[in-house]
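Here are my notes on the model. Please read them with the structure open.

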Amino acid sequence: MQKREAGKFGGSSTTPAKRGRPFGSTAAAAAAAAAAAANSATSDIAGDASSPGSLLGPTLQISTSFAEQNNKRIVLALQSGLKSELRWALNTLTLLSFKEKDDFRRDSTPLAKIPGLLDALLQVVDDWRDIALPRDYTKPARVRSLGSNTAVTGFGYEFEGTNSLGTISYPGHKGLSNMEASSLKKQRTADWWLNDDGLFNIDEEGRAEKQLCAVAASNVIRNFSFMPDNEQVMAQHRHCIETMFQCIEDQNTDEELVTNALETIVNLAPLLDLRIFSSSKPSFCGMTEKRAVQAIMGMLGSSVKAWHCAAAELLGRLIINPDNEPFLLPSSSEIYKRLVDLLSLPAVDAQAAAVGALYNLAEVNTDSRMKLASERWAVDRLFKVVKTPHPVPDVCRKAAMILESLVCEPQNRHLLLAHESSFAEILMSDGRYSDTFARILFELTSRPNNKSSATRAVWGA
């Protein structure tokens, strides 16, 4: 049976691979980079002789000195609450935090270590979450009479002015109907990122604008988590961890925001200790270990493939740390049931995530192996992953090793004996896993009491 090591993930002693690629790798970002490269004609064409070949072409490069010279301005812009400043800071941080998959730049900036930057970004997310309430709980609109003939009064759109006909008045647009005024508002909301300035309103339009900023800030935080220099700082930052767990706890807020928060936690999971929620560090939202585990279980039970796959991967990484076991093991029955359900899905990435999580969970203790083996269809579906086989050979290898871990417990042998002929078939037909299934068959066909006899001999019972 494989020994459980603290630094192991998925059978390897190296740091687990990051999920996906940093935000900004879309076609729109590539087009923006191409435009920027075209504007800086000669400097971009010349390039740097030490840069890899993949950086040639429409790739936007920003020197490290830019962040060093403007770090205070970026933090102050995020804290200002002004639309233009906030927009500039988020766009700048998105470019600074983005890194191509094959980019080997040695001058990357540990952005999370800039004083106050991470807290300022988290405040942008918190500001939107504080006002993202159901409409039933928002204040009703108040009709104002002061300045009813002007569109900009400082009161915001929450205080809508009415004329004698009950229609909204705008300069140059006398007597607009409610439908026309509504379409004008929607157009303004869509274009504010490029054209508007000033403070955010506290009405529905202001919430929509703040939501865009919160999503952009979560993208930057997600990008931070891909940088090795930022991992330790972010994993020990209680405000960051609490905010990310609070985002995945509320699944009905914004799908992109939830996805970014979940992937951030997955990237930080190898260094994450759930005891941070009961530490002496100041708390910002009262998050506890139990609430955090419930939030993960909510993601695991979600019908969104990206969410339940990431949650399965997150559980597999968290359980590596023995300090997290007391918080995760009480929910082990629910975890095993859901992971076995994921094995039955046709999506190969869901199967891979479930096998990776079960591979680490099966090595925690004897009780974990017994619960997994007793889970209905667990053995059958693990065997099917190997027999089908899964397109990734490493997933098949892990599934076979899980079966080997289960058969090492005498209480589980009767559950695996029903598959003895199938195991023998794999042994004879597939040389890649013949050694593993040979050991499984040896355990099944050996004397049932041979382990207990060895135990009695050792302890002199």
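1. A cut-off comes before the rest. A residue is called buried when its relative accessible area is under 20%, exposed when it is over 50%, and partly exposed in between. Phe437 has 0% relative accessibility, so it counts as buried. Keep in mind that this is a predicted model.

2. The overall picture. The chain holds 22 helices and 2 strands. Of its 461 residues, 46% count as buried. Its accessible surface comes to about 23,200 Å², and 55% of that belongs to carbon and sulfur atoms. Among contacts with a separation of 6 or more, 69% are between residues 24 or more positions apart.

3. The aromatic pairs. Searching the whole structure gives 4 of them. One joins Phe383 and Phe423: the ring centres are 5.5 Å apart and the planes are at 65 degrees, so this pair is edge-to-face. Phe383 belongs to helix α17 (residues 378–387) and Phe423 to helix α20 (residues 420–429), so the pair spans 40 residues and links distant parts of the chain. Phe383 and Phe423 are both buried.

4. A further partner for Phe383. Phe383 also pairs with Phe437, again edge-to-face, at 6.3 Å centre to centre and with 80 degrees between the planes. Phe437 sits in helix α21 (residues 434–445) and Phe383 in helix α17, so this pair ties together parts 54 residues apart in sequence. Phe383 has 5% relative accessibility, so it counts as buried. Together, Phe383, Phe423 and Phe437 make up one aromatic cluster.

5. The nonpolar core. What does the largest nonpolar core contain, and which residues have the most contacts inside it? It has 108 residues, and those with the most contacts are Leu78, Leu117, Leu121, Phe245, Leu339 and Phe437. Helix α18 (residues 393–407) supplies the largest share, 9 residues.

6. Around Leu121. Leaving aside residues up to four places away in sequence, Leu121 touches Leu78, Leu90, Leu93, Ala217, Val220, Ile221 and Phe224.

7. Helix α9. This helix (residues 238–249) has 12 residues. From first C-alpha to last it reaches 16 Å, close to the 16 Å expected at 1.5 Å a residue. Is α9 mostly covered or mostly exposed? Mostly covered: 11 of its 12 residues are buried. The buried residues include Arg238, His239 and Glu242, as well as Ile241, Met244 and Phe245.

8. A charge over a ring. The charged end of Arg73 sits over the ring of Trp88, 3.8 Å from the ring centre.

9. Backbone points to check by eye. The peptide bond from Thr388 to Pro389 is cis, with omega near -15 degrees. Pro389 is in the loop between α17 and α18. Trp377 is not a glycine, yet it has a positive phi of about 70 degrees. Trp377 lies in the loop between α16 (366–374) and α17. At 45% relative accessibility, Trp377 counts as partly exposed.

Conventions: Residues numbered from 1 in each chain as written. Predicted model: local features only at pLDDT ≥ 70, side-chain atom pairs only at ≥ 80, totals over all residues. Heavy atoms only, no water. Phe/Tyr/Trp six-rings, centres within 6.5 Å; stacked < 30°, edge-to-face > 60°. Helix = DSSP H or I, 4+ residues; strand = E, 2+ residues; numbered from the N terminus. Buried < 20%, exposed > 50% of the residue type's maximum accessible area, 1.4 Å probe, protein only. Lys NZ or Arg CZ within 6 Å of the ring centre and 35° of its normal. Core = buried A, V, L, I, M, F, W, Y, C linked by side-chain atoms within 4.5 Å. Contact = heavy atoms within 4.5 Å. Expected span 1.5 Å × (residues − 1). Areas by Shrake-Rupley, 256 points an atom, 1.4 Å probe, with all protein chains shown as cover.
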